[in-house]
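In these entries I record what I looked up in the structure shown below. I begin with charged pairs and then turn to rings, a helix and a sheet.

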Amino acid sequence: MKCKNCGTAVQPNEKCCPSCGEATARSACENATDPIETHEENAIYSQPKPKFGGKGIIAVVLALLVIGAGAFFGIRYIAQPDVLDGDTTVATMEGDFSLTNKQLAYYYWDEYFYLTNAYGSQLVSILDPNVPFEQQSYPGTEGGTWYDYFVNTAVDTWSQTMSLASAARAENHVISENYQMNLDSLESDLQTEMTNLGFETMDLLLQDSFGEWSDYDSYVQYLNDVFMASSYANAKYSEIVDAHANDPVEMTDTINVRHILISTEAMTDDADITEAEKTAQLVMDEWLADPTIEKFSALAEEYSSDTYSVPDGGLYINVTPGMMVEEFNDWCFDPARKSGDNAIVKTDFGFHVMLFDGAGEPVAAESNEVVEAEYDAWLSGILESTTYDFTIENVSLLNK
C-alpha cells in the first residue's frame with residue numbers, strides 16, 4: 001500500500017509513513033457513525049489504527065478543487081430559508097469555539113472528497129454523486145442518509161480537531177515540517193489552479209467547491225486547525241512509539257499473499273451476490289489458464305475492489321497473524337498452506353481470489369497493545385470532555 005499523504009510505499013503493518021511520518025490510514029471519529037468502516041481503512045485489515053492522524057488533506061487539496069470545479073450536477077443549498085448565511089453558527093463548544101456554515105462546509109466536503117480520492121469509481125457502488133445526498137440511504141441505518149452522515153461526521157471532526165489544536169497551541173507545538181511546507185505553498189498552488197481552471201480569483205475557485213461563503217482566509221484557517229491537530233496527534237503517537245523502541249520484542253513469522261477482491265459490500269440482493277461469486281470464479285478460471293504472476297496482476301488491476309493492493313498486483317507482504325479478517329487470515333495461516341495454493345475465500349467484504357505467495361520476512365512482534373493503550377489514554381484525556389451543542393436546523397450547505 002502507499003501513504004496517501006506523500007505516496008511512499010509502506011508495509012501493511014506500518015501505522016506511520018517512514019517518509020513523511022503521517023498516519024497510513026484515516027482515523028475514525030470516536031463518536032461518529034461510520035458509513036462502511038472498511039472504506040475508511042483497508043477493507044481486509046482487522047488490526048487497530050491510530051485514532052486521530054493526518055488525512056493527507058494537502059495532498060488532495062488541488063485534486064478536490066479540480067473535482068469540485070464544474071462537477072456538481074443539480075447543486076443547491078439544503079437550508080431553512082431564513083438561515084441561509086455563512087456566518088450562522090451551527091455548533092458551539094466549551095472554550096469559546098463556534099462553527100459557522102462557512103467553516104462547516106470545509107469539514108463536510110473534506111469527508112466527501114476524502115472518500116472520492118481514496119476510492120475513486122469504487123465509491124459509486126454505495127454513493128451516487130449525481131443524486132442528492134439527502135435522498136440516498138446511509139448503509140446500516142433506518143432513515144439515515146449520506147447527507148446526515150457527512151454533516152454529523154463533519155461536526156464531530158470539527159470538535160475533535162479544535163480540542164487537539166487548542167491543546168497543541170497551549171503546549172506551543174510546532175507544526176510538522178511537511179504540513180508547514182504545504183501551507184507555505186498553498187497560495188501559489190491555488191493561484192496556479194485558479195488560472196488553469198479559468199477562475200478570476202482564489203475565492204471564486206474555493207466557492208465553486210465549498211459554497212458561496214468560502215474565501216481564502218477562512219480556508220487557510222481551516223487548514224491551520226486541521227494540520228495543527230493532526231501534527232500534534234502524530235507527534236504524540238511517534239513519541240510513544242519511540243519510548244517503547246527498546247522494549248524486549250519477539251519475532252513472529254509472516255506470509256506473503258495475493259488476492260483479487262470481488263466486492264459484495266453494497267449488495268443486498270442474493271442474485272447480485274451470486275453473480276459476484278460467478279465473477280470470482282471466472283477470474284480464477286482465467287488465471288488458471290495462465291497461472292503466472294503477470295496474469296494475476298493484470299486481473300487484479302481489472303477486477304479487484306481492493307485499491308490498496310492493486311498497484312502491487314494484489315500482493316500483501318509480511319502479513320502477521322490476525323492482521324486480516326478471520327476467513328482471510330485462517331486460509332493464509334493454515335499449517336498446510338504452501339506456495340502456489342489458490343482458492344476463493346468468502347468474507348463479509350466479498351469473494352477473494354487468493355494466491356499464496358509464500359513465507360515473508362520474520363518481523364518483530366509489535367508492542368501495539370502498550371503503545372495503543374498509552375495513545376488512547378492520552379487522546380481520551382483530551383477528548384473525553386469534548387462536548388458541543390449542535391443546531392442542525394441552522395445548517396445550510398452546498399449539496400448535491
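This is a predicted model: local features need pLDDT of at least 70, side-chain atom pairs count only at pLDDT 80 or more; totals for chains, interfaces and linings use all residues.

Entry 1: The side chains of aspartate 357 and arginine 258 meet in a salt bridge of 3.9 Å, N to O. This pair links distant parts of the chain: aspartate 357 belongs to strand 8 (residues 350-359) and arginine 258 to strand 5 (residues 255-263), 99 residues apart.

I then noted that the structure holds eight salt bridges. In one of them, lysine 236 meets glutamate 239 at 3.2 Å, N to O. Both residues lie in helix 7 (residues 216-243), three residues apart, which is about one turn of the helix. Lysine 236 counts as buried at 19% relative accessibility, whereas glutamate 239, at 47%, counts as partly exposed.

Next I examined aspartate 334, which forms a salt bridge with arginine 337 at 3.8 Å, N to O. Aspartate 334 is partly exposed, at 32% relative accessibility. Salt bridges with shared partners join Asp334, Arg337, Lys338 and Asp341 into one network.

My search of the whole structure gave 29 aromatic pairs. For tyrosine 108 and tryptophan 109, the ring centres are 5.2 Å apart and the planes stand at 80°, so I recorded the pair as edge-to-face. Tyrosine 108 is buried, with a relative accessible area of 0%, and tryptophan 109 is buried with a value of 0%.

**Entry 2: helix 4.** I checked the length of helix 4 (residues 146-170). Its 25 residues should span 36 Å at 1.5 Å a residue, and the end C-alpha atoms are 36 Å apart, which agrees. Helix 4 is mostly covered, with 20 of its 25 residues buried. Just after helix 4, I noted a positive phi of about 55° at asparagine 172.

Entry 3: I traced an open sheet of three strands in the order 3-2-10, with antiparallel pairing. Strand 3 (97-100) and strand 10 (388-390) are the edge strands, each pairing on one side only. The twist averages 15° from one strand to the next. Which residue of strand 10 is the bridge partner of alanine 91? I found phenylalanine 390. Strand 2 (residues 89-93) and strand 10 run antiparallel and are joined by three bridges.

How values were computed:
Residues are numbered from 1 along each chain as its sequence is written. Side-chain values use heavy atoms; hydrogens and water are left out. Rings of Phe, Tyr and Trp (its six-membered ring) pair if their centres lie within 6.5 Å; planes under 30 degrees apart count as stacked, over 60 as edge-to-face and the rest as tilted. Buried means under 20% relative accessible area, exposed over 50%, partly exposed in between (1.4 Å probe, protein chains only). Helices (H or I, at least four residues) and strands (E, at least two) are DSSP runs, numbered from the N terminus. The expected span of a helix is 1.5 Å times one less than its number of residues. Two strands pair if DSSP finds at least two bridges between them. Axes are lines fitted to C-alpha atoms, for helices over the stretch in contact, and angles run from 0 to 180 degrees between N-to-C directions. A salt bridge is a side-chain nitrogen of Lys or Arg within 4 Å of a carboxyl oxygen of Asp or Glu.
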